[in-house]
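Colleague: I have a structure here that I have not read before. Could you walk me through it?

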Amino acid sequence: MEQPKIFHYDTVDSTNTVCKSLAAQGAPDGTAVIARRQTAGRGRMGRSFESPGGLGLYLSVLWRPEGTPEDLLPLTPMAAVSAAGAIRRVTGAPVRIKWPNDLVLEGRKLAGILTEASLSGRGVDYVVIGIGVNLRQRPDDFSPEVARIATSLEAQSYPADRAALETALAEALCQAFGHLHTPEVYAADYRRLCLNLGQTLRIPDTGETVTALDIDRQYGLVVRRRDGTVDTLRCGEVSVRGLYGYV
């Protein structure tokens with residue numbers, strides 16, 4: 001069996017894109033792509049992810065799970081828990097989670113996670129999880145729009161050893177993959193780290209405000225609407241009062 005490799009690059013368009021290309025060529029579980037700069041970094045919902053050279057850590061890992069597309073629903077939140085723990089262990093930074101998968105430090109976005117899957121009639125061919133972590137950016141290193149909501153480890157006085165953090169994050173993402181069929185393993189830690197629970201939230205698409213109550217078994221966000229009904233959010237996004245500018 002081919003052993004997984006770690007591919008290091010100075011610059012790529014996107015570590016997820018490179019990792020998916022390697023997957024299409026038959027790369028095995030655990031193959032990782034790490035870059036110091038991305039020219040076309042991507043986030044959730046089609047957003048770009050600013051990836052300046054030498055200031056961040058950009059990492060993607062490939063996995064070929066046995067399961068159905070439905071089995072993948074908890075995977076990104078699980079990866080967020082595992083990655084938050086890795087960053088805390090290496091740097092001491094008290095990283096929290098904004099549902100479903102933003103990593104937050106001192107009220108500002110520190111890292112984003114993007115999961116992409118290739119599906120076929122047989123089920124799931126492969127999954128790639130990518131994470132981008134802000135290491136050394138100062139406010140002037142971000143665009144004005146991003147500077148309002150983002151921070152870096154160094155800006156919050158948590159300098160990181162890049163190599164140690166790369167290793168810890170790669171291991172963390174593989175660990176999340178390994179618990180694909182036991183997602184409850186991360187549930188208690190996710191609830192503890194999730195900034196949304198107990199908070200008043202706004203759903204940007206509709207402008208509706210809701211109260212976050214809990215996380216369900218598939219890491220959906222259980223909310224109470226203003227009319228008292230309880231519902232579960234499965235996708236999209238929410239804004240937390242006082243976080244990322246929602247006041």
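Colleague: Does tyrosine 219 count as buried or exposed, and what is its relative accessibility?

Modeller: This is a predicted model, so every value is computed from predicted atoms. Tyrosine 219 has 3% relative accessibility, so tyrosine 219 counts as buried. The cut-off for buried is under 20%.

Colleague: How many aromatic pairs does the structure hold?

Modeller: First the general idea. Two numbers describe a pair of aromatic rings: the distance of the centres and the angle of the planes. This structure holds two such pairs. In one of them, tryptophan 63 and phenylalanine 177 have ring centres 5.3 Å apart and planes at 5°, so the pair is stacked. Tryptophan 63 sits in strand β3 and phenylalanine 177 in helix α4, so the pair ties together parts that are 114 residues apart in sequence. Phenylalanine 177 is buried at 4% relative accessibility, whereas tryptophan 63 is partly exposed at 21%.

Colleague: What is the geometry of the pair formed by tyrosine 190 and tyrosine 219?

Modeller: That pair is edge-to-face, with 5.3 Å centre to centre and 75° between the planes. Tyrosine 190 lies in helix α5, and tyrosine 219 in the loop between β9 and β10, so the pair ties together parts that are 29 residues apart in sequence. Tyrosine 190 is buried, with a relative accessible area of 0%.

Colleague: In what order do the strands of the open sheet run?

Modeller: Strands of a sheet pair through backbone hydrogen bonds, either parallel or antiparallel. Here seven strands form an open sheet in the order β1-β2-β3-β7-β6-β5-β4, with mixed pairing. β1 and β4 stand at the edges with a single partner strand each, so one side of each has no neighbour in the sheet. On average, neighbouring strands are turned by 20° against each other, direction ignored.

Colleague: How many bridges join β3 and β7?

Modeller: Eight bridges, in the antiparallel sense. Leucine 62 stands opposite valine 128 in β7.

Colleague: Which strands does α4 lie across?

Modeller: α4 lies across β1, β2, β3 and β7, at about 30° to β3. α2 lies across β4, β5, β6 and β7, at about 140° to β6.

Colleague: Why is α2 described as largely enclosed?

Modeller: Because 13 of its 17 residues are buried. At 1.5 Å a residue, α2 should span 24 Å, and its end C-alpha atoms are 24 Å apart, which agrees. Glycine 92 follows α2, with a positive phi near 85°.

Terms used. Residues are numbered from 1 along each chain as its sequence is written. This is a predicted model: local features need pLDDT of at least 70, side-chain atom pairs count only at pLDDT 80 or more; totals for chains, interfaces and linings use all residues. Side-chain values use heavy atoms; hydrogens and water are left out. Helices (H or I, at least four residues) and strands (E, at least two) are DSSP runs, numbered from the N terminus. The expected span of a helix is 1.5 Å times one less than its number of residues. Buried means under 20% relative accessible area, exposed over 50%, partly exposed in between (1.4 Å probe, protein chains only). Rings of Phe, Tyr and Trp (its six-membered ring) pair if their centres lie within 6.5 Å; planes under 30 degrees apart count as stacked, over 60 as edge-to-face and the rest as tilted. Two strands pair if DSSP finds at least two bridges between them. Axes are lines fitted to C-alpha atoms, for helices over the stretch in contact, and angles run from 0 to 180 degrees between N-to-C directions. Contact means heavy atoms within 4.5 Å.
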